[in-house]
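Please look over the sequence and the 3D structure below before reading on. The briefing after them is grouped by topic.

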Amino acid sequence: MHPSEAGVPPMSSVVTDMTDTEYLHKWMNDERVAYSWGEQGPMEHQQAFLEAGLKNKHSFPVIGCFDGKPFGYFEIYWVKEDRLGLYLGGSVGAWDRGLHCLVGEQEFRGSHRVKVWLSALVHYCWLADTRSETVMLEPRVDNNK
């Protein structure tokens, strides 16, 4: 079945009125996001942040789209090579994956949306490398949700 027959919008339907850096700048300067990520600042800061993410050997950045509209920034990483791995000690598998998540658009926040995009990210982790055994998501200790 072709993706368009399954209701998956083609890449040509993605809203491209802003660059990835412009979206990241907008989202990182949102007060709620800045509190959690601490990456607020001028556009040049987000450009450097994104470039560093693209060069990182243990993770890679992803802009998530929902029905063709960019809504969030995600990092998919190898847990053993991330600072999270230090906290988990010997219980980290060599191929465990992790997700850092930022939902920048208000309309895509909430459990009714999270179920869709989070399950898609987890599914991707298993498909991208069949050695993956576990996918982890670590909320901040002060995250009440």
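What follows describes the fold, the sheet, the surface and the salt bridges of this model.

The model is predicted: local features need pLDDT of at least 70, side-chain atom pairs count only at pLDDT 80 or more, and totals for chains, interfaces and linings use all residues. Residues are numbered from 1 along each chain as its sequence is written, and side-chain values use heavy atoms, with hydrogens and water left out. The protein chain has 5 helices and 4 strands. Helices (H or I, at least four residues) and strands (E, at least two) are DSSP runs, numbered from the N terminus.

**Overall fold**

- Read from the N terminus, the order of elements is α-α-α-β-β-α-β-α-β.
- Of the 145 residues in the protein chain, 37% are buried; buried means under 20% relative accessible area, exposed means over 50%, and partly exposed lies in between (1.4 Å probe, protein chains only).
- Among contacts with a separation of 6 or more, 52% are between residues 24 or more positions apart; a contact means heavy atoms within 4.5 Å.
- The accessible surface of the protein chain is about 9,200 Å², and carbon and sulfur atoms account for 56% of this surface. Accessible areas come from the Shrake-Rupley method with a 1.4 Å probe, and for residues only the protein chains shown count as cover.

**Strand β3 and its partners**

- Strand β2 (residues 69–78) pairs with β3 in the antiparallel sense over 7 bridges; two strands pair if DSSP finds at least two bridges between them.
- Phe 74 has Cys 101 in β3 as its bridge partner.
- Strand β4 (residues 135–137) runs parallel to β3, and 3 bridges join the two.
- Arg 97 has Val 135 in β4 as its bridge partner.
- From β3 the chain crosses through helix α5 (residues 111–128) to β4, and this β-α-β crossover is right-handed. Right-handed means that, with the strands pointing away from the viewer, the path from the first strand over the helix to the second runs clockwise.

**Single residues and the surface**

- Thr 21 lies in helix α1 (residues 20–28) and is buried, with a relative accessible area of 9%.
- Leaving out residues up to four places away in sequence, Thr 21 touches Met 43, Gln 46, Gln 47 and Leu 50.
- Tyr 87 lies in helix α4 (residues 83–88) and counts as exposed at 71% relative accessibility.
- Asp 67 sits in the loop between β1 (59–66) and β2 and is exposed, with a relative accessible area of 65%.
- The phi of Asp 67 is near 50°, a positive value in a residue other than glycine.

**Salt bridges**

- The structure holds 3 salt bridges; a salt bridge is a side-chain nitrogen of Lys or Arg within 4 Å of a carboxyl oxygen of Asp or Glu.
- Glu 105 forms a salt bridge with Lys 26, and their closest N and O atoms are 2.9 Å apart. This pair links distant parts of the chain, 79 residues apart: Glu 105 is in the loop between β3 and α5, and Lys 26 is in helix α1.
- Glu 105 is buried at 8% relative accessible area, while Lys 26 is partly exposed at 40%.
- Glu 107 forms a salt bridge with Lys 69, with the closest N and O atoms 2.6 Å apart. Glu 107 lies in the loop between β3 and α5 and Lys 69 in strand β2, so the pair ties together parts 38 residues apart in sequence.
- Asp 129 forms a salt bridge with Arg 131, with the closest N and O atoms 2.6 Å apart.
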